[in-house]
Structure formats: C-alpha cells, structure tokens
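Welcome! Keep the model open beside you, try each exercise on your own, and then walk through the solution.

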Amino acid sequence: MTSRIDQIAKQAAVSKATVSRVLNERPGVSTRLQKAVLTAIDVLGLERPNGLRPRSSGLVGLIIPSLEDPIYPIFAQVVQTNLGNLGYTPVLCIQDSGSTKEDEYVGILLDRGVSGIIFVAGRHSDTKFDNAHYENLEAQHLPMVFVNGFMKGISAPFVSCDDQAAGKLAVRHLFTLGHRRIGLLLSSATNVSDIRLAEGYCDAMKRAFGETHEDWIDVSFTGEEGGYAGAIRLLEKGMTGIVCDSDLLAIGAIHALQQHGKQVPQNISVVGYGDSKMMTYMATPLTTVRQPMLAMGTFTAHTLVDCINGSEMPSGESLFPPELVIRGSTAAHQ
C-alpha cells in the first residue's frame, strides 16, 4: 500500500497525505487535487476504490425477488418504463432460490459502474440481517432506494405498501361478511411486511372481538406450497376466513381447501395480498388487497433518479395505501 501511495503521489505531484485522503474518501482535499490523484491512478493502470469509480450514467441496478409472485414483474415493468423515460436503463437481477445472492449482485453491478440500485424485498426486508451491508454502500455514496421493507440506520428512501392497513382491510372485510374465526397465513416470521401485516390483523381482530388469538396465526413458507400446508392447519382449527400474505399463498390455500372437501367461498373465504390481472381469471377469482405497484414503481424510479442527480432526499418511509379488491373468493358466512 505504501508503495502504491508513493507511486500515485509522485505521478500526481501531490503529498502522500493527500493521496491517502482521496483513497479513503476523507474531506479536506480540493476538487483540483482530487482530480489529479484520480488521473494519476488511471494513468498508472491501478484500480480505483469502489466509491471513486465513475458511474455509468445510463445504468441502474434493479434487484428483485423471484418472478413467481406476479406483483414483481409488474413492478419491474413500471420501473423500466419510467427509468427509460428519464434516460436510464435498469440492469435486472432476479433472486430466485439458490441463485446469485444480493451481495454478489451488488458486486457485479458496482463493477458495471451503475449510477444507483433499487432493492426490492431484499435483505432490508428481513429482520434477521443487520445494516452493515448497506452502510458500506452508503459510504461509497451510492444512490439507493429500498422497496417493501425497512431497516433502521440507513439514510435512504424506503417505499412500501402500508402493510398494517392491508391487514386491517382484510379482517374488516371478512368481519362484515359475518366471519368470526379469521386466520392469518404468513410465509415468514421475520419478514418486515409480514410482521406489519400481522400487526394490522391483530389490531383489527382486537377492535372487532376484544381479543386476539395467537394460535390463529400460522407461519408457513413461501409460494403455493406454503399456502397449501398452512391452510390445512388453519382449517383444522375451524377457521371460516383466511387472510394470506400474498396471492401465491392464497392460491395454494384455495387448492388445499378444495382438495379437503371445502368450497371457496361457500364454506370458507380466502383473501390474498398483492393483486395482478391474472387473479381475475382464476377458477375462483381472488379477493385480495392490492399493492399499488404502478404508483410505487413510478415513485421509486423518480426518487432514485433524483438521488442520482444530487437532490436532497429525506430518509425514512413513503407508505402507499392498499386497496381492497372484492372478487369471488369471499362471501357471507353461512
């Protein structure tokens, strides 16, 4: 390292202390001297630190979960359209199970010199992880926006649907239909969205019945298989209505209920969370709580570009209101 600093200092005709400040991104160096140091690094063929690499003004990273959940292709399409209108192109990174991990994708994107990254339901959405991963990116002055999740200590914009409000909407809908045994089916006990959905569910249940039943909340796993397994357990507990944390869980739940001799919605009602056009065309059209992906995607794209352009962006969350969409999977309790 000492030899490298000596080389750069000699090439740039500056002191070693100046080179050290630039390499460690410390204040106190004029723009002229910083430019001289960076030019020297390039001339010598040395690799710049990540935070000092030039950004590719046309590229933005978009890291999203598996495309199995139809809300994420919708979100990606909206973000792509808006970024294109703003002069940027997203580099889409999909985190299927067993595929490239988020931190690996980040390394790839930084090597490409992206101008910023949008994280969708990533590590920031799981309370098992700490924020060190993102603090490192903050130190590199990388513009970032986080979607569907929240993590304290990160000074960046967060964009989410109001999951608590979604839980309340679903319970109130089933309550007005006469249901009194309403279960909640989650895919994770540590996901921020699930935790908030459960908070909304519990609040609505307590307001409606004066109490909550913890054993009416079932934590399964993601996808239709998780919905199938969890619905059977809730059915055994005598639920007449089930609120699910995603439409995929709801589809799996309906399949399980039908295979166990229950008609939806005649015998039991099911509510999903997310919404897409395909939910209308199911054999039993799904009642769901819609996440406003059009508005969220548009806001996210513009917010990231504002960050890239140097606008001062407040940290914290922007919560978007959910909307109850009533279809054929819920009905009055008999």
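A polar contact is a pair of N or O atoms within 3.5 Å; within protein, one must be able to donate a hydrogen and the other to accept it, and residues adjacent in sequence count only if both atoms are side-chain atoms. The model is predicted, so local features need pLDDT of at least 70 and side-chain atom pairs count only at pLDDT 80 or more, while totals for chains, interfaces and linings use all residues. Residues are numbered from 1 along each chain as its sequence is written, and side-chain values use heavy atoms, with hydrogens and water left out.

**Exercise 1.** Is S66 buried or exposed, and which residues are in contact with S66?

*Solution.* 
Step 1: S66 belongs to the loop between β1 (59–65) and α4 (71–85).
Step 2: Its relative accessibility is 17%, so S66 counts as buried.
Step 3: The S66 side chain reaches the backbone nitrogen of E68 at 3.1 Å.
Step 4: Leaving aside neighbours within four places in sequence, the contacts of S66 are Y72, I94, Q95 and D96.

**Exercise 2.** How do α2 and α3 pack?

*Solution.* 
Step 1: Two packed helices are described by the angle between their axes and the distance between the axes. Axes are lines fitted to C-alpha atoms, for helices over the stretch in contact, and angles run from 0 to 180 degrees between N-to-C directions.
Step 2: Helix α2 (residues 16–23) packs on helix α3 (residues 31–43) at about 85°, with the axes 10 Å apart. This makes α2 roughly perpendicular to α3 (angles under 35 degrees count as roughly parallel, over 145 as roughly antiparallel, 65 to 115 as roughly perpendicular and the rest as oblique).
Step 3: T18, V19, V22 and L23 of α2 meet L33, Q34, V37, L38 and I41 of α3.

**Exercise 3.** In what order do the six strands of the open sheet lie?

*Solution.* 
Step 1: Two strands pair if DSSP finds at least two bridges between them.
Step 2: The order is β7-β6-β8-β9-β10-β12, with mixed pairing. At the edges stand β7 (217–219) and β12 (323–325), each with a single partner strand, so one side of each has no neighbour in the sheet.
Step 3: Follow the pairs. β8 (residues 241–244) and β9 (residues 269–274) run parallel, joined by three bridges, and I242 stands opposite V270 in β9. Four bridges pair β9 with β10 in the parallel sense, where V271 has T287 as its bridge partner. β10 and β12 pair in the antiparallel sense over three bridges, with V325 as the partner of T288.
Step 4: Helix α8 (residues 192–209) lies across β6 (182–186), β7, β8 and β9, at about 175° to β6.

Terms used:
Helices (H or I, at least four residues) and strands (E, at least two) are DSSP runs, numbered from the N terminus. Contact means heavy atoms within 4.5 Å. Buried means under 20% relative accessible area, exposed over 50%, partly exposed in between (1.4 Å probe, protein chains only).
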